[in-house]
Amino acid sequence: MNAYLLATAWAIGGSLPAVAWKILCLHAATAGLLALTRPGDNRLRYALLCAALCACVAVLAADVASAWRALPGPTGLDPAAPAAARWPLWLALAWLIGSLVASVRVLLGIGWLRGQLRRSQAWADPVWQARAADLSRRLGLARGVSLRVAHHLATPVTAGWLKPVVLMPATLVTGMPADLLQALLAHELAHVRRHDYLVNLLQHAAQALLFFHPSVWWLSQRLRIERERIADAMAASVLPSPLTLARALHGLSDAPRPPAAVAPGARDGDLLDL
């Protein structure tokens, strides 16, 4: 094994136990801060959860770098040492395999989404183009958003960052009442306004690196919930009645989730908050 590769693996494996304890402490601190927030403080909770998830990744990077610097040097490690003394290498190997599996799952989700985009058709209806432009203006969204219709999609999703796209299921475009469809479109445009697609991808990257820790999965799930609540609130603010959005989201409650959930969609909102 290359000496520097061996040293890196040793540093990663040797630092993971301490990383796990530090992330657990971050979890406890974040939970305590969240408990102090009020029910309507969705943006504050979202910021706290984002900061906590970033701190978890920073802890991993800092501890691995510190462990690497503390090694006696790449040539000072003995790969032929007894198995009991080589536990950092086995731990690093387990981490690498788990991280690769988690990354492949995300890549498959991205591939699925790209397939949906390729098979979709432009939603060129001038009435809905005008409605989308009006909703974008009221949400403060300056960028243009492409509207497309997908025939093999169960729920609306938002894709892309530099060139955002809102994918609407064909079954909803043809079968859902216009006021409910407009509510779902407002929800997706709120995701675009907040750059949620990019944040969601970064969130998946953090999960892939720290897949082994339940606290990271808890933080990530809470982050998704708060993201949807914020999008719900933004959409409700530009609609004639919040109940319209509640009815639209309720209609999606039994729809299957997309693979790996790499694109934000109107699926995890909390109707009681509207």
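## A bridge between H9 and H6

Arg247 forms a salt bridge with Asp179, and their closest N and O atoms are 3.9 Å apart. A salt bridge here is a side-chain nitrogen of Lys or Arg within 4 Å of a carboxyl oxygen of Asp or Glu. Arg247 lies in helix H9 (residues 242–250) and Asp179 in helix H6 (residues 178–193), so the pair ties together parts that are 68 residues apart in sequence. Helices are DSSP runs of H or I with at least four residues, numbered from the N terminus. Asp179 is partly exposed, with a relative accessible area of 36%. Buried means under 20% relative accessible area, exposed means over 50%, and partly exposed lies in between (1.4 Å probe, protein chains only).

This is a predicted model: local features need pLDDT of at least 70, side-chain atom pairs count only at pLDDT 80 or more, and totals for chains, interfaces and linings use all residues. Residues are numbered from 1 along each chain as its sequence is written, and side-chain values use heavy atoms, with hydrogens and water left out.

## Other salt bridges

The structure holds 10 salt bridges. One of them links Glu226 and Arg45, with the closest N and O atoms 3.1 Å apart. Glu226 lies in helix H8 (residues 214–237) and Arg45 in helix H2 (residues 42–70), so this pair ties together parts that are 181 residues apart in sequence. Both Glu226 and Arg45 are buried.

Arg194 pairs with Asp196 in a salt bridge, the closest N and O atoms being 3.8 Å apart. Both Arg194 and Asp196 are buried. Salt bridges that share partners also join Arg45, Arg222, Glu226 and Arg229 into one network.

## How H8 meets H9

H8 and H9 pack at an angle of about 130°, and their axes are 8 Å apart. Axes are lines fitted to C-alpha atoms, for helices over the stretch in contact; angles run from 0 to 180 degrees between N-to-C directions. That angle makes H8 oblique to H9. Angles under 35 degrees count as roughly parallel, over 145 as roughly antiparallel, 65 to 115 as roughly perpendicular and the rest as oblique.

## A nonpolar patch

Trp90, Leu93, Leu96, Ile97, Leu100 and Val101 make a nonpolar surface patch of about 600 Å². Patch residues have over 30% relative accessible area and no salt bridge; like charges are joined within 9 Å, and nonpolar side chains (Val, Leu, Ile, Met, Phe, Trp, Tyr) within 5 Å. Accessible areas come from the Shrake-Rupley method with a 1.4 Å probe; for residues, only the protein chains shown count as cover.

Ile97 sits in helix H3 (residues 87–119). Ile97 is partly exposed, at a relative accessible area of 48%.

How values were computed: Helices (H or I, at least four residues) and strands (E, at least two) are DSSP runs, numbered from the N terminus.
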